[in-house]
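Work through these exercises with the model open beside you. Try each task before you read its solution.

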Amino acid sequence: MNLGIIGAGASGLTAAWDAVRAGHQVTVLEAADELGGLAASLEAAGVPLERYYHHIFRSDKAMISLIEELGLGDALRFHKPATGVYRGGRLTDFTTPLDMLRFPEFSPLDAVRFAGSAAMLKAVRDGERYNDLAALAWLRRRAGKKATEAIWEPLLRGKFGDRAEQVSMAWLWARIHCRTFELGYVDGGFARVYAALRDGVEERGGKVEFGKAVETIRQDDDTAPAVVTCADGSRYAFDRLIVTTPQPAFARAAGLPADDTVWRNQYLGATCFVLELDRSVIPYYWLNINEPDFPFLAVVEHTRMIDPSVYGGRHILYVGNYVERDDWRFTTGPDELLQAFVPYLRRINPDFDPSWIKARHFSRAGFAQPVVTPAYRSLIPGHETPMSRVTLLTMAQIYPQDRGQSYSVELARKVTASLGLR
């Protein structure tokens, strides 16, 4: 089969890898000039590093299996980094269950309710039982008012803004049930995984082409090939086409009507700074910002998990956000945005000074996080599309688990198997 795949992220490259090993002719078209999609990398101190903070969990079996399959198993290491919460003007350890029970704002009863609700979510195997429930309403009832107010509500509002009250409990269940305290990272970054997939595809006769922004996808009738036209004027015809772009991008390219289901899910954008510093800023790998007036969601000091010596002694700090695409934090230029963030970094660490920053990188993605409401399940588009030879494979179809590398790999393998491409 002459197979086309749009998108060289985790799902697109996994599908290409499976198909080319099964003997199919494969061409991957990527709009950007880099691999990985939302897991794409830049260079920090000359070393590949993800544009947006990435790690995997012990429970991410699909990604672990792929890494081993590619011969990179020895490069995957698991760590137990520290986590904290910034609230009430102070940093509080939030790494272990005991830390959580000792959270300063919790009474003994608050701690018991918080722990009991988390244990319940860990025990429940089928998160879809929570499909029709709003997360904050469930948490206020089960975890209690104080735990919700201090921990859960700031995180949900920080990520989803005014839509926080609409977020499905099924989504939050997956965040708690499926995650582990140990985090995995590949020596040299996840760029090695995507490079190995590309190399494996090309060694078997496949192609990965960059700078191929898709403008149109058409199929004249059920027996005709799927035809892709790119912004650079190139044109391709495929026996089968797998599209891994966000739903709105596919809908525009395919010319789908405005009432088609594929248009209906909403996405947040993401922005992320990677700061290369000459010293550490926080004593944690991950710091949740539970203060409502902060303009960013989380601060992640990557070098609290990976030794700074890997990056020439530089300390790597991510400052990340999920925001609406018309929000000032999405539309403002990087220099002005970083200047706006500095006073808040000083609140976290009063000694922080911009002179600590030796280099900075900024990334922005328009479709980074679907807004998972109780109605979301009914809005997930199927893999089949109005074009018989075109299959949709997008992170919005990952449910109730949150989008991520491992779930993208798992979904890609299900699709290639269903299409007889493995």
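**Exercise 1. The cavity**

Which residues line the largest cavity?

Solution. Begin with the ground rules. This is a predicted model, in which local features need pLDDT of at least 70, side-chain atom pairs count only at pLDDT 80 or more, and totals for chains, interfaces and linings use all residues. Residues are numbered from 1 along each chain as its sequence is written, and side-chain values use heavy atoms, without hydrogens and water.

Step 1: find the space. Rolling a probe the size of a water molecule over the atoms shows where empty space is left. On a 1 Å grid over the protein atoms alone, a cavity is a set of points where a 1.4 Å probe fits but cannot get out; a pocket is an open set with protein on both sides within 12 Å along at least five of seven lines. The whole structure has one cavity of 30 Å³ or more.

Step 2: size it. The largest cavity holds about 40 Å³. Such a volume is the space filled by probe spheres set on the points, which are joined across faces, edges and corners.

Step 3: list the lining, meaning residues with an atom within 4 Å of a point. The largest cavity is lined by Trp171, Gln369, Pro370, Val372, Tyr376, Met395, Ile398, Gln401, Asp402 and Arg403.

Step 4: sort them. Six are nonpolar, two polar and two charged. Here Ala, Val, Leu, Ile, Met, Phe, Trp, Tyr, Cys and Pro count as nonpolar, Asp, Glu, Lys and Arg as charged, and the others, Gly among them, as polar.

**Exercise 2. The second largest pocket**

Describe the second largest pocket and its lining.

Solution. Step 1: its volume is about 460 Å³. Step 2: 24 residues line this pocket, and Arg157, Gly158, Lys159, Gly161 and Pro292 lie nearest its centre. Step 3: helix H6 (145-160) and strand E18 (315-323) are the elements that give two or more residues to this lining. Both are DSSP runs numbered from the N terminus (helices H or I, at least four residues; strands E, at least two). H6 gives the largest share, seven residues. Step 4: the lining splits into eleven nonpolar, three polar and ten charged residues.

**Exercise 3. Rings**

How many aromatic pairs does a search of the whole structure find?

Solution. Step 1: the search finds 21. Rings of Phe, Tyr and Trp (its six-membered ring) pair if their centres lie within 6.5 Å; planes under 30 degrees apart are stacked, over 60 edge-to-face, the rest tilted.

Step 1: classify one. Phe106 and Phe114 sit 5.4 Å centre to centre with 45° between the planes, a tilted pair. Phe106 is buried at 9% relative accessible area, and Phe114 is buried at 5%. Buried means under 20%, exposed over 50%, partly exposed in between (1.4 Å probe, protein chains only).

Step 2: Phe352 is buried at 1%, as is Trp356 at 7%.

Step 3: look for a cluster. Ring pairs link Tyr86, Phe273, Phe294, Phe296, Phe341, Tyr344 and Phe362.

**Exercise 4. Charges over rings**

Where does the charged end of Arg58 sit?

Solution. Step 1: Arg58 sits over the ring of Phe78, 3.9 Å from its centre. The test is NZ of Lys or CZ of Arg within 6 Å of the ring centre and within 35 degrees of the ring normal. Step 2: Lys159 lies over the face of Tyr322, 4.5 Å from the ring centre.
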